[in-house]
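Thanks for coming, everyone. Let me put the structure up and walk you through a few parts of it.

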Amino acid sequence: MSRRNNRSKVYIYVATAAMLLFSLTSGAQRAAYGKMSAWVRQIAVEQQNARQRAGTQDGKQKTTLNDNRSRLCALMKIDGQAEQVLEKHGCRALAKIGNVYVADIPLNRLASLSADSRVLRIEARQSNRLHMDTTAALIGATNIYSSLHLPQAFTGRGVVVGVQDVGFDLTHPNFYSRDLKEYRIKTFWDMLSTDTIGSNTYVGRTYNGKEEILKYGHSRDNLLISHGTHTAGTAVGSGYNTDFRGVAWESDICLVNNAVGTDLVLIDSADVYKYTYATDVLGFKYMFDYADRMGKPCVVSFSEGSHQDLRGDDILFYEALEALSGPGHVIVASAGNEGTQTSMVPKPAGMEKAGTYIISEGKRVGVTAESTDDMYINTLLLRETGKIDTIRISTRDVFAAEDSVYADSITTADGKYIVEIHGFNSCYDKDMKAYDIIVRAPKNIGREPYVYMECEGMDVDATMYISSGYFYNYMCSRKTGNAVNGHNIHSPGSAPSVICVGATAYRERYTNYKGEMQVSNAVRPGMRAHYSSMGPTLDGRIKPDVVAPGTNIISSYSSYYIEANPEAEDLNADVSRFGFNGRMYSWNANTGTSMATPIVAGTIALWLQARPDMTGEDVMDVLRHTCDQPDPHLDYPNNEYGYGAINAYTGLLYVLGLDTTLGLDKMSTEQPQKARFALNGKKLEIVFDNENGMDSNAGTLTIYSLDGKKMISTNIDANHNEVDMSMLKSGVYAVQLQTGDTKTTGSTLIRL
């Protein structure tokens, strides 16, 4: 089956077919649903349905329907005088990014706004999920990420690293310089802050400078989660007095605390629609704007996301991200943690039926599907007794219904099961028919009766994808599922302009602070972690773009989270705890593509230090030429590894042009495994770590300028392992160490 373009996130289905088919009250304006993304459409339906229910009671409608307190943050495309359109409908433009507006919209004006002929599209969705596999981190292990062997000359200095996430402890010593003399978080926007009096931001408040940020202490949601403290530490942490140093450990830090599903309990019900991916766009813009004011390049790390769809609900989202990207502006996002999940059911022409079981932690499941022609979508309720109840819906009836929405139901001894189908043309191929399918049950879906969904049509090529809930092939022995892995890259990692990151795994064990060994059955070291989501995207593009270590990555954890949740299960993954300024902090092992993403973002910061005008396309070019290829049996790029495993050092040599200036005959593209370079003033010391002793490390040290000129060449042995560089001017130099041992042969970059 062919695939085309791309967009996406998790559906929150609350509308019923009845809500979509109701007659509007006299005088109310019908919304133009075709201009709306699915979630915005649901909100419009709820608003109009609420008006119908309320009617006029004593000549007045409910206050919540008439006032402007409940508002939506959405992306809009407008043809004509946008300011005039927004003002007419009581909206406010929050930002203009390319041809896309981020707008604040009163919910009670949503219908009239959509009906305006100048409005082309209104789009928003909620909400992201974090890409952290905490269970795997607790029971297993792999690569302990600490103090990567990165080039000494490049540390991220002069680059802004932005992290948009949740759960920040702003006081952690990991966000100071290593000697604690500099506090490196320059600006922080907490979208959940309640200190909004006088604030100039759409939601929450910004905090600037050391005194103001440290006084605030932590993001509002940090008592619930420590995710952002960990990811930021991985990208930019100094390591304080440990080896757990982040990648770009001398960069400037800009943080945005957005909202995910965990945070909804902290948000007033009147404000919940303000927190969408349109608000996330404002967060990305905030970080890039700060970097531009400082005259520095910026890379942003985003370890969140949600499912793709066939409706095109991320069309404007992706357009805005592309407009934000450019020279010195790079966005990096995680692939997702659904690699182990069966997320797709293909039904090729010539096969009469294909399906699988659907399960959920609640009473509702969402499925999206597409087909080349009309077919039947069957929902079977199977019992161990052999009884089967079936809801059989023809997609022909779906498209014949008003608004192309059709619902059917069946009442069993357990209660009423409802199947609702929305029909539309696929955003990737207008010749393909697509469907959003919602199943509602009287109890949690996954217990008897088991719910099995299938596509039927001998001559039809069809595919189903899970959008909320799970596919599962073996629930009841009476019917076997056809679900397979893949096609589960999350948005916005699936966006063409975003660098999408998958995860690899390494060692299978670590010891926590209690002295307990944590062990799991890991994949072969360096291979794709089992949980890392795989492509292609729903329009057939290869994703992820690159992979990086993501399993048992050790980074900073929040003191406020530890204090508020002393018995939290994830604290068993603390590898050590320590006091600082009267508070208890920790270093914690987390797992997921959430952890791999800031490693890639930090690496790109090193490259931006070398070449500040790099674009996302430039980064892709570096990945294409320098990534390691963990599985030699695969062609690259592919939908498991993208271009392969990121190599910070080889990539930096490529960015600087040293791979061609010096050539492989003069300079290695790898740093030595058993030798370290220490620069003390103008003297370069070579420290060997070799069980055979120093004598076996005798060799030659050669220093080159970046234009390829040989500056120094000298012999190195047990008694002569220090080189005087005082005759050289300040700048960056390439150092090649050549010995008789492959483990002590290699190169590095130093900055005088």
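I will start with the whole chain and then take some pieces in turn.

This is a predicted model, where local features need pLDDT of at least 70, side-chain atom pairs count only at pLDDT 80 or more, and totals for chains, interfaces and linings use all residues. Residues are numbered from 1 along each chain as its sequence is written, and side-chain values use heavy atoms, with hydrogens and water left out.

First, the overview. The protein has 16 helices and 37 strands. Those are DSSP runs, numbered from the N terminus: helices are H or I with at least four residues, strands are E with at least two. Of the 752 residues, 62% are buried. Buried means under 20% relative accessible area, exposed means over 50%, and partly exposed is in between, using a 1.4 Å probe and protein chains only. Now contacts, meaning heavy atoms within 4.5 Å. Take those between residues at least 6 apart in sequence: 76% join residues at least 24 apart.

Next, a helix pair. How do we describe two packed helices? By the angle between their axes and the distance between the axes. Here we have α9, residues 277-294, and α10, residues 315-324. Their axes come within 11 Å and cross at roughly 0°. Axes are lines fitted to C-alpha atoms, for helices over the stretch in contact, and angles run from 0 to 180 degrees between N-to-C directions. So α9 and α10 are roughly parallel, a label for angles under 35 degrees. On the α9 side, the contact uses Tyr277, Val281, Phe284, Lys285 and Phe288. On the α10 side, Phe317, Ala320, Leu321 and Leu324 take part.

Now helix α13, residues 593-610. Of its 18 residues, 17 are buried, so α13 is largely enclosed by the rest of the structure.

On to strand β16, residues 376-382. Is β16 mostly covered or mostly open? Mostly covered: 6 of its 7 residues are buried. β16 pairs with β17, residues 388-394, in the antiparallel sense over 7 bridges. Pairing takes at least two DSSP bridges between strands. Thr379 has Ile391 of β17 as its bridge partner. The two strands form a hairpin with 5 residues between them, and Gly386 in the turn has a positive phi of about 105°. β16 also runs antiparallel to β21, residues 450-456, joined by 7 bridges. There, Tyr376 stands opposite Glu456.

Last stop: Ser726, in the loop between β35 and β36. Ser726 is partly exposed, at 44% relative accessible area. Its C-alpha is 5.2 Å from that of Lys682, 44 residues apart along the chain.

Technical notes:
Parallel < 35°, antiparallel > 145°, perpendicular 65-115°, else oblique. Expected span 1.5 Å × (residues − 1).
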